[in-house]
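Subject: Handover of a structure, with notes

Dear colleague,

I am passing on the structure below, and I would be grateful if you kept it open while you read the notes that follow.

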Amino acid sequence: MVARKQLKNLTEPMYYILLILTTPNHGYGIMQRVEEMTEGHVIIGAGTLYTLLSRFENEGIIKVVSQEDRKKNYVITEKGRDLLEEEFQRLNRLIQDGERLLGGGS
Amino acid sequence: MFGLRKKDQARRKRVYWGYSTLDYKGMEAYIEKMSSDGWHLESIGEVWATFREGKPQNLRYSIDVFEQSGTLTPEVTDELKEYRNLCEESGWTFVTSIKHLQIFVSKEEDHLLPLQTDEELEENLAKKKLWRKDFSIGIGVFLLTLGLVIFSRFRAGMYMDDYLGNMIFYVYPFMMISAALGLVRSILWIRKVKKEGLPDKQEETFFSGRRRQLLIDLTAISILLAMILGVILDTIYNPETDMPFALIPVIVGFSIGTILKLTIRKKGEKKEDGLIFAIIAFLMIFIVMAVVNHFESQRFEREIEEQFSREMRIEEAPEGVSVYPIEEIFLAEEDRELQDRRFPVTGQSFAVPVYYVQSEKWIRGEEEWGIAVRTYETRSERIAQRIVEEYLELRRFHFHFFTDRWVEMEEQKQYWQVDEFYMTEGFPAILIRRGDTLWLIEGDYTDYAREPEKHFEVGDVVDGDELDRHYEELNRHYEEARELSNEEIRSLEMALLLEGILR
């Protein structure tokens, strides 16, 4: 329940993890990709990433597609994609509203 | 020879660790300080941590809370492997772990990304997972002592005449207070952390946590030592008591529990293994209890049998014990003959330095008569009073309650110049206290008044009318006994007997 509440609004790290998992990737790969993508604006420590991944998996937002040695490859599920889509729309609305009031002034 | 030493020749240092976990940030600071002094963390146990001597280094330690681990989860699960692997890939080296806490190290100049980058997430996880551990031992120690102390108050007499009982009755209350203090400190502290957040990464955090746990640890150790000391003294001085035997289930239960925990942690691979091992352990405890119980009841039966079929013999009194001249009194009548005298129980404790039983059997014609005198020479009047109170309660609630009632005998008390004098109505027993000494006399000596024709035993089926008649008779009997004058008492066997004991 706590996780569900937390997932209502995605934090930045959560958003980027899900975004990256639209293509399969493993833990360390995700960490690198996030840093790359955001040019170091968003960073995720290994402990935090692991906690988030296991919560996402429990919630059925991501799933394991393959496993080699100790590395699990995760990918976003249908449910996860819906969630991400929703979040994307929400963020878009925030931007649009912002632009209407602030962007017009410039 | 040196092969017995651990792994290598480096010097090692053990440091008292306690088991406080909510202040793990403080641990980081302490471990880092130790490293810069040339002592590197090797492992952390339940109570101690081991440091290994090496080159002083500026290292950065990071302690992380791993959500899916606990007391009854294997030490290394697939999930944990994956997690550690991820941490190692990002540059951190795994050092050791204790319960939920996973300890990693890196060189300071590497400036690695911390393991936790989301403070809120980290804090919530720590608060959710760790407070129970900080709380559990404190509450366990407190409840254990509280239970024993309360129980010992209700059964004071039972706790007076052996050393283990004395420890529980007199020493444990102090330990309960110290356990309560430790527990209150822990609770207040956990509340503070829940409200104000995790304490800072400072050495002082670690030290204060350790001080807090030391009180509880010392209490637990004292409780254990007092118990062991009591059992040892009882084994030496009171071999007749069952106390060491009674401890077997406790010891077996504790051992199985510990083995279970270690097995799960070392041998288990999956999270679910814990449950399977726990079920096996409970089954084992159940079986052991059943076996112990079986042998115990057999032993009890043998004892009873022995008592009934015992060979007649006349024993010398043990050292330091005076023989009551009961038989002289009864032998005054020629047709009575002493058959058996023994001292089946002799014991001692702090509260009751001398305790013994003189038990005799004699015949008169066809009839067999028996008598037993229990003597408690206690340390103080108060202790003797407690034992009297206990006997009065036991009679009332447990034994012979159907026909027996203690009656205070005022006349006799004054005549014999004793402090307390009680008799039962049916099954004949006299309880006398003079100062710090106490006698319980049971047996067949009471022809002092007309006895009721019938005695009921526990479990007898009795109809209402019969019961009414019985009570009427008992009441009459009791009135008669109460109204006996000193003159009359003196002329009776009981008087002679008491003279022998109380002179």
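In this predicted model, B:Ile432 stands opposite B:Trp439 in strand E14 of chain B. Here helices (H or I, at least four residues) and strands (E, at least two) are DSSP runs, numbered from the N terminus, and two strands pair if DSSP finds at least two bridges between them.

As to conventions, residues are numbered from 1 along each chain as its sequence is written, while chains are lettered from A and ligands numbered from 1 in the order in which they are written. Because the model is predicted, local features need pLDDT of at least 70 and side-chain atom pairs count only at pLDDT 80 or more, whereas totals for chains, interfaces and linings use all residues.

Strand E13 of chain B

E13(B) is joined by six bridges to E14(B), residues 437–443, and the two run antiparallel. They form a hairpin with two residues between them, and B:Gly435 in that turn has a positive phi of about 60 degrees. Strand E12 of chain B (residues 420–424) is also antiparallel to E13(B), through four bridges, and B:Phe421 has B:Ile432 as its bridge partner there.

Another sheet in chain B

An open sheet of three strands has the order E4-E6-E5 in chain B, with antiparallel pairing. Its edge strands are E4(B), residues 59–65, and E5(B), residues 93–98, each of which pairs on one side only. E5(B) pairs with E6(B), residues 101–107, over five bridges, and within that pairing B:Thr96 has B:Ile103 as its bridge partner.

Two packed helices

Helix H3 (residues 119–154) and helix H6 (residues 203–237), both of chain B, pack at an angle of about 35 degrees with their axes 10 Å apart; axes are lines fitted to C-alpha atoms, for helices over the stretch in contact, and angles run from 0 to 180 degrees between N-to-C directions. From H3(B), B:Ile137, B:Gly138, B:Val141 and B:Thr145 meet B:Ile216, B:Thr219, B:Ala220 and B:Ile223 of H6(B), where contact is defined as C-beta atoms, placed from the backbone, within 7 Å. By class, this contact has five nonpolar, three polar and no charged residues, with Ala, Val, Leu, Ile, Met, Phe, Trp, Tyr, Cys and Pro counted as nonpolar, Asp, Glu, Lys and Arg as charged, and the others, Gly among them, as polar.

Chain A and the contact between chains

In chain A, the buried residues of helix H2 (residues 12–20) are A:Pro13, A:Met14, A:Tyr16, A:Ile17, A:Leu18 and A:Ile20. Their cover includes helix H3 (27–37) and helix H5 (78–101) of chain A. The contact between the chains takes 19 residues from chain B and 15 residues from chain A. On the side of chain B that touches chain A, the largest share, seven residues, comes from H2(B), and by class that side has nine nonpolar, four polar and six charged residues.

Chain B as a whole

Chain B has 15 helices and 14 strands, and 29% of its 503 residues count as buried.

With best wishes

Methods
A residue is buried if 20 or more other C-beta atoms lie within 10 Å of its own, exposed if 12 or fewer, and partly exposed in between; C-beta atoms are placed from the backbone. Two residues are in contact if their C-beta atoms, placed from the backbone, lie within 7 Å.
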